[in-house]
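Q: I am new to this structure and would like a close look at one part of it, the salt bridges. Please go through them one at a time.

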Amino acid sequence: MSSPVFIGLDLAWSDRNRTGGAVIRNGVLVASTGLLSDDVSIEAFIAGHLPEGAPAVIAVDAPLRVPNQTGRRRADHELSLAWGKFDAGAYPANRALLARNGAVRGEVLVERLRHRFGCIESAPIPQRGVGRYICEVFPHPAHIVLFNLPRTLKYKRKSGRTQEAVAAEFVRYQQLLTTLAAADPPLTGLDTVAAIDASQRRGRALQELEEMLDAVTCAYVAYYAWHHGPARQRVYGSVAEGHILVPLSAGNGALTNTPPTASAAPPTSPPVLPPDTLNARIGVLTRREVEARILAPVIDALGRAFGRDEVIAIVRETIIRIAQEQGAQLAKTMGGDSLAAFADSLRFWTQDNALEIDVLAQDEQRFDFNVTRCRYAELYRALGIPELGAVLSCNRDWALIQGFNPEVELTRTQTIMQGARFCDFRYRRQAAERPQQPNPTSTEAETR
């Protein structure tokens with residue numbers, strides 16, 4: 001039997017934009033391009049590198065199954081909750097946004113590859129499988145795991161990023177890819193890719209480099225998933241309703257800064273409690289002190305019995321779930337899910353002078369502010385548990401806004417809890433950045 005082939009595709013949402021392609025075989029990058037266009041050219045690229053009878057994994061950075069007409073898929077929502085704190089959340093995918101003449105490109109591609117190459121959509125990927133599989137992946141969380149990054153690479157061309165800063169991030173991306181030569185499994189053959197000078201590229205040529213590098217990441221995720229099997233993969237959503245596969249590192253399936261894997265046996269029927277009104281009645285600062293005084297000794301006791309890291313991972317996951325539910329309830333309490341309503345709700349968090357906030361910008365599509373004093377951080381330090389501050393408070397923020405309004409995304413790069421001078425909160429409604437009918441010439445509209 002021929003050796004397996006691992007193919008990555010950074011699939012543009014429209015064939016008017018370029019698609020990236022990369023191929024790994026026998027641990028070597030044997031092909032990479034950012035010049036693919038329509039589905040015929042993609043099929044030809046795959047056919048040129050896939051010998052008859054060879055096993056294969058094709059990893060695609062694009063929605064492969066989109067059942068929802070509006071909103072976002074469960075996979076996008078779950079991944080954003082888990083990876084938003086690393087700036088690695090997913091764009092919302094729906095048919096109103098992606099369909100052309102009633103068809104979503106990723107869905108069409110899956111069918112074409114099934115008919116021509118015998119690929120089946122699968123997630124997770126079987127360990128050392130002998131079939132041909134196709135899965136949906138997303139480079140940003142993969143970068144966090146594979147390169148142990150605190151935040152995503154900032155190589156995407158966006159407002160506020162200078163040409164020099166983008167070029168520097170491309171260099172960093174290229175250098176990080178070369179470190180995969182020492183990874184498990186190792187990947188070589190990246191010298192040509194690493195030698196490309198991003199500072200000398202502009203416009204479409206720079207876009208083609210981006211597509212190529214992301215395709216290399218996708219191909220390596222396919223290789224990694226096949227090599228290690230399901231134990232080193234996390235799947236958000238499902239194949240039937242749309243999924244995203246993310247690699248996991250060794251050590252309980254996740255890096256220290258990676259969202260924990262789901263429990264093998266989720267609770268059968270969580271208790272149904274009446275609506276939570278504590279924030280309005282006692283203020284969040286007092287509530288956090290009560291919670292911390294109860295949880296800290298419980299975490300210590302359970303940590304001695306079962307391992308502190310494992311216990312904190314469970315606490316973190318539980319609090320994130322609770323925060324999402326509280327966000328949905330908060331929208332009902334405020335009578336709507338607009339950013340104005342969310343801004344008004346901050347009175348619960350600022351009660352008792354708990355936060356000092358400097359509002360920078362506020363309208364229907366954005367809400368930007370800095371926190372210049374955080375008594376929550378002061379509280380956890382005074383209680384002698386500063387390391388629990390992020391778990392018990394800061395990590396709630398992404399889940400809270402997702403529960404409040406899934407179309408709003410939060411970017412935050414620093415916190416007082418972590419030692420910064422201020423916390424930077426930047427909220428954006430996705431509708432402001434992603435029009436319902438994307439401009440086919442816009443790189444931002446065509447890539448996730």
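Does R172 count as buried, partly exposed or exposed, and what is its relative accessibility?

A: R172 counts as partly exposed, at 31% relative accessibility. The model is a predicted one. Burial here means a relative accessible area under 20%, and exposure means over 50%, so R172, at 31%, falls in between. Its salt-bridge partner is E169, and the closest N and O atoms of the two are 3.4 Å apart. Both residues sit in helix 6 (residues 163–178), and because they are three residues apart there, about one helical turn separates them.

R428 and D368 form another salt bridge, with 2.5 Å from N to O. R428 belongs to strand 12 (residues 423–429) and D368 to strand 10 (residues 366–374), so this pair ties together parts that are 60 residues apart in sequence. R428 is partly exposed at 25% relative accessibility, while D368 is buried at 7%. Salt bridges with shared partners also join R287, R288, E291 and R396 into one network. R396 is one of the buried residues of helix 16, a helix of residues 396–404 in which nine of nine residues are buried.

A further salt bridge joins R95 and E107, whose closest N and O atoms are 3.1 Å apart. This pair links distant parts of the chain, with R95 in helix 3 (residues 95–98) and E107 in helix 4 (residues 105–117), twelve residues apart. R95 is buried, with a relative accessible area of 19%. Across the whole structure, a search finds 31 salt bridges.

Conventions:
Residues numbered from 1 in each chain as written. Predicted model: local features only at pLDDT ≥ 70, side-chain atom pairs only at ≥ 80, totals over all residues. Heavy atoms only, no water. Buried < 20%, exposed > 50% of the residue type's maximum accessible area, 1.4 Å probe, protein only. Helix = DSSP H or I, 4+ residues; strand = E, 2+ residues; numbered from the N terminus. Salt bridge = Lys/Arg side-chain N within 4 Å of Asp/Glu carboxyl O.
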